[in-house]
There are 2 protein chains.
Amino acid sequence: MSKELVAKPLVKNIYQGIRDEVENMDRKPVLSIVQVGEDPASEYYINSLKKKGGKCSIEVRIESFELQTGADQIIKTIHKLNKDTSVDAIMIQKPLPAHIDDFEVTLQIDPEKDVDGLHPLNVGRLVLGRDGFVPATPAAVLELIKFYEIRTEGKHVVIVGRSDIVGKPLVNLFLHKNETGNATVTVCHSRTNDLAGITKQADILVAAIGKAFFIKKEQVKSGAIIIDVGINEYKENEKVRYVGDVDFEDCYDTVSKITPVPGGIGSITTAMLLNNVLIANKTEKKNKKVLT
Amino acid sequence: MSKELVAKPLVKNIYQGIRDEVENMDRKPVLSIVQVGEDPASEYYINSLKKKGGKCSIEVRIESFELQTGADQIIKTIHKLNKDTSVDAIMIQKPLPAHIDDFEVTLQIDPEKDVDGLHPLNVGRLVLGRDGFVPATPAAVLELIKFYEIRTEGKHVVIVGRSDIVGKPLVNLFLHKNETGNATVTVCHSRTNDLAGITKQADILVAAIGKAFFIKKEQVKSGAIIIDVGINEYKENEKVRYVGDVDFEDCYDTVSKITPVPGGIGSITTAMLLNNVLIANKTEKKNKKVLT
């Protein structure tokens, strides 16, 4: 059996599951993406969502704005999308230009349409283990763990990185009292003393730090399972390729299992985002009011 | 210098700070406590809040209900208190009787009056480091850390216990990029394998597991700082006394600093709850709508 925890079989399942549900719906789910300015990575992600969405009958609409657009206009658009009953889900493509406050914009999204799970109400629901939207990347990590039947109970999970979108939700998820939880969880980051001393204790090591080849075999316990969340641009001989936060080749002989990049968490993330759109479609919209 | 991190001097400061602010207010802050049934521990806490509140001109009102009162009536009362502009803060005294769903009741509280910080919107704000209510016990831990100038940056903080009200908020708080954050954080609990192996790594050990004398010196690194959140009833020779989760006497020679019980986190907690009432009084009430 290969050591590689590849995304393909489980991604196939997720899309099949979405297709099966959407087939029986009167109205197909709709995701609206608010995009301000252009950015190659954003374009890539949006095109991928459009393409994958199309394959499972989820419509992806783009509300495109020029880079210098004011926050007021973006917020007006969000309010319009909140009220639009044909729109199930709203996503603000990041990064937003510097003159727009990310958090203020996020607060305007109806939490029941917030498929990125960034509204504080959804963040709180996640911590408390209540229904809400789990951000797509942490959701992808849990989905992989379920598919490959990786036991987390009593295991020491070490997360490298404490971002609002990956590290923090993951700590809270791994502490839940369920099949992907009950772990002993440690979070390390840029300020951690003796990082290797901590990461070497991990039964399951989650790398989410955003630095190419950051984790080497010296930082990994023999037999550990590595989940690599990183997707970093890497130039080699004038060519650009995407690599993880983990030095895959260096660590391969040390680990028992490892996710590849590409073909790992990244592809599951897109599927989980579209799955969140499906959930949004099925969720009763209780909050028509804008929450702050 | 004593090893004991005693609450007294900092509690004095907190109350003095509250008094100074309240003195200049036209209207004194009001906390309404909803109490269902009677329970000796609840009575004790409520009486303590009344007494301490009185000393710093915070009015504590009690809405008392019989044990068999239905959830509907409790929720009606919360809605009334939400609308009552003379009430700054609402607290539901726990435990609620089994026929009432804690979470459903909490969801009814206006988040701007939720001084216990239990509404998911406040939980999310805490994770994201945004203005909101930090539950009183974790707030007490941070206040102690600030007062005694305990450095957390780069330190390994180990939290024993993963409750919604102490362990989970603390993990998230210790990860913030501020003076009481930037720590490497590990959370252990009942499912942790080799608990001692983890707790022995702690530069700062926070015990919040709710078991008397649970932490012994064998589980503590020499020179560690211990913060004991536990308050457990303990019977000895027919007498009841309150003890922490840490075996204070057993650990005393091993540690560099330790909070006593009583006279530690517990007394700071009451002060921080009243401080949250002051914050609620100063916060503009933006959300008049009930959030779910």
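How many helices and strands does the secondary structure of chain A come to? In this predicted model, the secondary structure of chain A amounts to 10 helices and 10 strands.

**Overall form of chain A**

Chain A has a radius of gyration of 19 Å, which agrees with the value near 19 Å that a compact globule of 292 residues would have. Taken along the principal axes, the C-alpha atoms of chain A fill a box of roughly 55 × 40 × 35 Å, and 48% of the 292 residues count as buried. When contacts in chain A between residues at least 6 apart in sequence are considered, 69% of them join residues at least 24 apart.

**The three-stranded sheet of chain A**

Chain A contains an open sheet of 3 strands in the order 2-1-3, with parallel pairing. Strand 2 and strand 3 of chain A stand at the edges with a single partner strand each, so one side of each is left without a neighbour in the sheet. From one strand to the next, the twist averages 20 degrees.

Strand 1 of chain A (residues 30-36) is largely enclosed by the rest of the structure, because 5 of its 7 residues are buried. The chain passes from strand 1 of chain A through helix 2 (residues 40-55) of chain A to strand 2 of chain A, in a β-α-β crossover that is right-handed. Strand 1 of chain A is joined to strand 2 (residues 59-65) of chain A by 7 bridges, with A:Val30 having A:Glu59 as its bridge partner and A:Gln35 standing opposite A:Ser64. On strand 3 (residues 89-92) of chain A, which runs parallel to strand 1 of chain A and is joined to it by 4 bridges, A:Ile90 stands opposite A:Ser32.

| Strands | Sense | Bridges |
|---|---|---|
| Strand 1 and strand 2 of chain A | parallel | 7 bridges |
| Strand 1 and strand 3 of chain A | parallel | 4 bridges |
| Strand 5 of chain A and strand 5 of chain B | antiparallel | 3 bridges |

**The contact between chains A and B**

The contact takes 33 residues from chain A and 33 residues from chain B. On the side of chain B that touches chain A, the elements giving two or more residues are helix 5 (120-128), helix 7 (167-174) and strand 5 (184-188) of chain B. Helix 5 of chain B gives the most to this side, with 8 residues. The residues of the side of chain B that touches chain A divide into 13 nonpolar, 11 polar and 9 charged.

Strand 5 (residues 184-188) of chain A pairs with strand 5 of chain B in the antiparallel sense, and within this pairing B:Val185 is the bridge partner of A:Val187.

How much of helix 5 of chain B is buried? This helix is mostly covered, with 8 of its 9 residues buried; the buried residues are B:Pro120, B:Leu121, B:Asn122, B:Val123, B:Gly124, B:Arg125, B:Leu126 and B:Val127. The buried residues of helix 5 of chain B pack against helix 7 of chain B, and also against helix 5 (120-128) and helix 7 (167-174) of chain A. After helix 5 of chain B comes B:Gly129, whose phi is positive, near 70 degrees.

Note on methods:
Residues numbered from 1 in each chain as written. Chains lettered and ligands numbered in written order. Predicted model: local features only at pLDDT ≥ 70, side-chain atom pairs only at ≥ 80, totals over all residues. Contact = placed C-beta atoms within 7 Å. Nonpolar A, V, L, I, M, F, W, Y, C, P; charged D, E, K, R; others polar. Pairing = 2+ DSSP bridges. Buried ≥ 20, exposed ≤ 12 C-beta atoms within 10 Å, placed from the backbone. Right-handed = clockwise from strand over helix to strand, strands pointing away. Axes fitted to C-alpha atoms, helices over the stretch in contact; angles between N-to-C directions. Rg over C-alpha atoms; globule rule 2.2 N^0.38 Å.
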